[in-house]
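Subject: Handover of a structure for your review

Dear colleague,

Please find the structure below, together with its sequence.

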Amino acid sequence: MAAEPKPEILAAFQAAKGFMPVVEGLALHAAATDAATLGLPLLEVGTYCGRSTILLADAARAAGVTALTVDHHRGSEEQQPGWEYHDPTVVDPEVGRMDTLPTFRRTLHAAGLEDHVVALVGRSPQVAAVWGGKLGFVFIDGGHTDEHANGDYEGWAPHVAEGGLLVIHDVFPDPAHGGQAPYRVYLRALESGAFTEVSVTDSLRVLRRTGTGI
């Protein structure tokens, strides 16, 4: 059984801005710890303010690998003004747009994890297009439209190494509980024959690469 994060890491996770519940966070940390044994980088798509990054970075630190996190830091659709998840405290007053990068940096600093994370600032498909290496772990938690969820999957799933993990957040089979784009990507991954489900924790799905392709 994977070791749970130390109390100070869990406290930092809970103190950070973000939306992931603790039970899903523990499952994410366990998956990242498992995947880190491959000796390859751990990557997440959708940094926001670094809440889940703390858990990936802690697992990466323990294994001597690097956590990577991809985000343009301008907020996803549901985080824009007038939408349910908008937070006016992360709007840059000078340009009038969201900018979660400073908050993210403070989050990592407070957790003592800055040296274990590489922040890739840009749009996921553009970053994926220039990424050449294999990854032990890919966590898809970016934009929740079909365009963005499929773009994240198509950009990053090919880089998951044999035996590596693909983790998808906000998977809701029932439309009454949430948007369907991550669920459709999850089904796509299973139907590809390339990935086999490992665990389900509320809306978090953990899949292992057991075949080729996407």
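Which residue takes a positive phi in the hairpin of β8 and β9? In this predicted model, that residue is Asp202, with a phi near 50°, and the hairpin has 2 residues between its strands. The strands themselves, β8 (residues 195-201) and β9 (residues 204-209), are paired in the antiparallel sense over 6 bridges. Within this pairing, Ser199 has Val206 of β9 as its bridge partner.

Two or more lining residues come from each of α2 (22-36), β8 and β9. The largest contribution is that of α2, which gives 4 residues. By class, the lining comprises 7 nonpolar residues, 1 polar residue and 2 charged residues.

The largest cavity contains about 40 Å³ of space. Its lining is formed by Ile140, Asp141, Gly142, Gly143, His144, Ala149, Asp152, His169 and Pro182. These lining residues divide into 3 nonpolar, 4 polar and 2 charged.

Yours sincerely

Methods:
Residues numbered from 1 in each chain as written. Predicted model: local features only at pLDDT ≥ 70, side-chain atom pairs only at ≥ 80, totals over all residues. Heavy atoms only, no water. Pairing = 2+ DSSP bridges. Nonpolar A, V, L, I, M, F, W, Y, C, P; charged D, E, K, R; others polar. 1 Å grid on protein atoms, 1.4 Å probe; cavity = no way out; pocket = protein on both sides within 12 Å on 5 of 7 lines; lining within 4 Å. Points joined across faces, edges and corners; volume = space filled by probe spheres on them.
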